Amino acid sequence: MPRGGTPSATSGGPEGSVTWRVTVTATASDNVGVTRVELYDDATLKSSITAPPFTFAWAITPADNGVHAWTAKAFDAAGNQATSAVVNLSVDIAAADTQPP
C-alpha cells in the first residue's frame, strides 16, 4: 500500500502586482511503485500527477486569502491508496495599491 504523501510549499516572487506562485510538493513511496499522486486544496482536486516529482504550481491572489487545508493522496498499481495528514497553508496577500499619490 502506498504511503500518503506529505504536502509542503515554497513561494516564488510576485507575478505582476498581486499574483504569487506557490509550489506544492508531495512525497510518496510504495514497495512496488506509486502510480499517481493527487493534490487537494480542501476537497478540491488541484492536480493529478503520474510521475515524480509530485509538484503543483499554485497561482494565488488576494482572493485566495485564508487558510487552505492541503492533502496528498497516493495510489499504487494494485489500486491501494493512502491519504496524508492535512497541512494547512495560510495565504495573506495585501491587495495592490492602485491609488496615485
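Predicted model: local features only at pLDDT ≥ 70, side-chain atom pairs only at ≥ 80, totals over all residues.
Are tryptophan 58 and tryptophan 70 buried or exposed? Both tryptophan 58 and tryptophan 70 are buried. Good morning, colleagues.

The protein contains eight strands and zero helices. Read from the N terminus, the order of its elements is therefore β-β-β-β-β-β-β-β. The protein has 101 residues, of which 33% count as buried.

Let us turn to the interior. In soluble globular proteins, nonpolar side chains tend to be buried together. In this model, the largest nonpolar core has 17 residues. Which of its members touch the most others? They are Val37, Leu39, Trp58 and Trp70. Several strands each supply at least two residues of this core: S2 (19-26), S3 (34-41), S5, S6 and S8 (87-91). Strand S5 gives the most, with four residues.

Next, the aromatic rings. A pair of such rings is described by the distance of the centres and the angle of the planes. How many aromatic pairs does a search of the whole structure find? The search finds two. One of them joins phenylalanine 56 and tryptophan 70 in a tilted arrangement, with 6.2 Å from centre to centre and 40 degrees between the planes. This pair links distant parts of the chain, since phenylalanine 56 belongs to strand S5 (residues 54-60) and tryptophan 70 to strand S6 (residues 66-76), 14 residues apart. Phenylalanine 56 counts as buried because its relative accessibility is 17%, and the cut-off for that term is under 20%. Tryptophan 70, with a relative accessibility of 0%, also counts as buried.

The other pair is formed by tryptophan 58 and tryptophan 70, and it is edge-to-face: the centres are 5.0 Å apart and the planes stand at 65 degrees to each other. Tryptophan 58 lies in S5 and tryptophan 70 in S6, so this pair ties together parts that are 12 residues apart in sequence. Taken together, Phe56, Trp58 and Trp70 form one aromatic cluster.

I now move to the charged residues. The charged end of arginine 36 sits over the ring of phenylalanine 75, at 3.8 Å from the ring centre. What does the side chain of aspartate 76 reach? It reaches the backbone nitrogen of asparagine 80, at 2.8 Å.

Finally, I would draw your attention to the backbone in two loops. Most residues other than glycine have a negative phi, and most peptide bonds are trans. Against that background, the peptide bond from proline 52 to proline 53 is cis, with omega near 0 degrees. Proline 53 lies in the loop between strand S4 (44-49) and S5. Aspartate 42, in the loop between S3 and S4, has a phi near 55 degrees, a positive value in a residue other than glycine. Aspartate 42 counts as partly exposed, because its relative accessibility is 44%.

Thank you for your attention.

Technical notes: Residues numbered from 1 in each chain as written. Heavy atoms only, no water. Phe/Tyr/Trp six-rings, centres within 6.5 Å; stacked < 30°, edge-to-face > 60°. Buried < 20%, exposed > 50% of the residue type's maximum accessible area, 1.4 Å probe, protein only. Lys NZ or Arg CZ within 6 Å of the ring centre and 35° of its normal. Polar contact = N/O pair within 3.5 Å; in protein donor to acceptor, adjacent residues only side chain to side chain. Core = buried A, V, L, I, M, F, W, Y, C linked by side-chain atoms within 4.5 Å.
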